[in-house]
Amino acid sequence: MTFTLRRQRAALVAVVVFVILSTMPQAARPARAADDDRLAGIAKSEYRARRERLMAQLKDGVVVMIGAREDEFGEVGRFRQKNDFMYLTGVETPSAYLVLVPAGTPDRPARETLLIPARNLFQEKWTGPQIGPGAEGQAAFGFQEVADSAKLHDLLNSLFKASGARPVTKVYTIIPHGSTADIERETGFVAGLRQNYPGLQIADVAPVIAEMRKVKSPAEIALLQKAIDITAEGQRDAAAQIRPGAFEYEVQAALEAAFTRNGAERPGYPSIVGSGLYSTVLHYDQNRKRIDAGDTIVVDVGAEFSYYTADITRTFPATGKFTPRQREIYQLVLDAQRAAERAFKPGQSTLAQLNQVARDVMKASPLRDRQGNTLERYFIHGLGHWIGMEVHDVGGYGDLPVGAVFTIEPGIYIPEEKLGVRIEDNYLVTEKGLVKLSRAIPSEAGDVERMVQSRGKAGGTAEK
């Protein structure tokens, strides 16, 4: 990224934060915080406000959540806290638990308790120093109470069994769904609650947290912007490695090196570098093919920075020059994306409406496949999705609220021509319209060609 682009990026971040702050109620604005009052780049006061907001919505029960354990990642995985747990606490200590008792719970005062393991000095020789329960944990994490996780069973008994106070009859926790539910720890935790406390109502807290996570705070937007800036460096370095005869994994190596060099903890999802036929496979991530002259290469990647991930796609020509057919398809995809951008109306547009705009552009184009069909049939996925702590972040899609961040990513994939094109950018919703957070990453066909032609110039660093 050039010095000029860095100045533009700094100015954009300032504008974005100003816009969000100016549209937020005074009470919702985060307090300024020194670096030592932050956890993973977010003020402790913001985590506390999230917990208070959750409890205000769930006054008919208590919230109990479990964090990730070190052994869930095996020998090759780096510890990463569960997203919902991290969103509410900022705590990365393994094997933690969270118990929230809202105001108004029968016979009990409002209470928030973080439970973490007692320090084990022998184990810390392997995993590094940890923060222990008690005053140390309260100061470090900004919690009212930080207890030893060995006391979880006693705490749950005090809530759900009669012992001088009426037992709580409802608990909100994470209830896993989908194909992996049987092997997730939360499933066993829920089963244990059912066994130990017959008659206890158990409700899923995830949908409530999902709606909270959908709207980003200024601090979250700043972390997303950093992830996007790092991803920009990755895309630039990826382009500089593309040439006939190179392997897709060489491109992957260059872009992921840029992520690490610029401070990202990891890719937000498996990097996609698909050339030729694989440019038409949406989630191809093997990245083993040799790039051939005449290929288009879809590079769909995102750096994760402090638990927030970008999601940016660019499509490059192997030789540094699109063929006439490739350039026509590329321009049509770009036109569809820009039409969707222009169609956005604050407070009115839905993602489904923008999706239809993009499809209409493709259908109206004179371009055809070999059978004479219009090309919208080759746009085989939705126009976009939320991004945040997950690359396909949580929350319903009924509207596009101020503070949401989402992708606009039209694509055309024609397997019989071994030709795939996707262009994906990240957008912030404000009261005045969309702010394209990834606008520093070129997307015009000529600019993309020049990125590939800049071979040998990789190795930049994102703005700090």
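Trainee: How many nonpolar, polar and charged residues are in the lining of the largest cavity?

Mentor: In this predicted model, the lining of the largest cavity is made up of Ala 40, Ile 42, Tyr 47, Arg 50, Met 86, Tyr 87, Ser 306, Tyr 307, Tyr 308 and Met 389. Tyr counts as nonpolar, as do Ala, Ile and Met, whereas Arg is charged. Sorted by class, the lining of the largest cavity has 8 nonpolar, 1 polar and 1 charged.

Trainee: Which helices each supply at least two residues of that lining of the largest cavity?

Mentor: The lining includes Tyr 47 and Arg 50, and also Met 86 and Tyr 87. The helices that each give at least two residues are α2 (44-57) and α3 (83-89).

Trainee: How much space lies in the largest cavity?

Mentor: The count of cavities of 30 Å³ or more is 1. The space in the largest cavity is about 50 Å³.

Trainee: Which residues are the closest to the centre of the largest pocket?

Mentor: The largest pocket holds about 720 Å³ of space. Its lining has 26 residues, and by class these are 12 nonpolar, 5 polar and 9 charged. Closest to the centre are Lys 82, Asn 83, Glu 184, Glu 186 and Glu 390.

Terms used
Residues numbered from 1 in each chain as written. Predicted model: local features only at pLDDT ≥ 70, side-chain atom pairs only at ≥ 80, totals over all residues. Heavy atoms only, no water. 1 Å grid on protein atoms, 1.4 Å probe; cavity = no way out; pocket = protein on both sides within 12 Å on 5 of 7 lines; lining within 4 Å. Points joined across faces, edges and corners; volume = space filled by probe spheres on them. Helix = DSSP H or I, 4+ residues; strand = E, 2+ residues; numbered from the N terminus.
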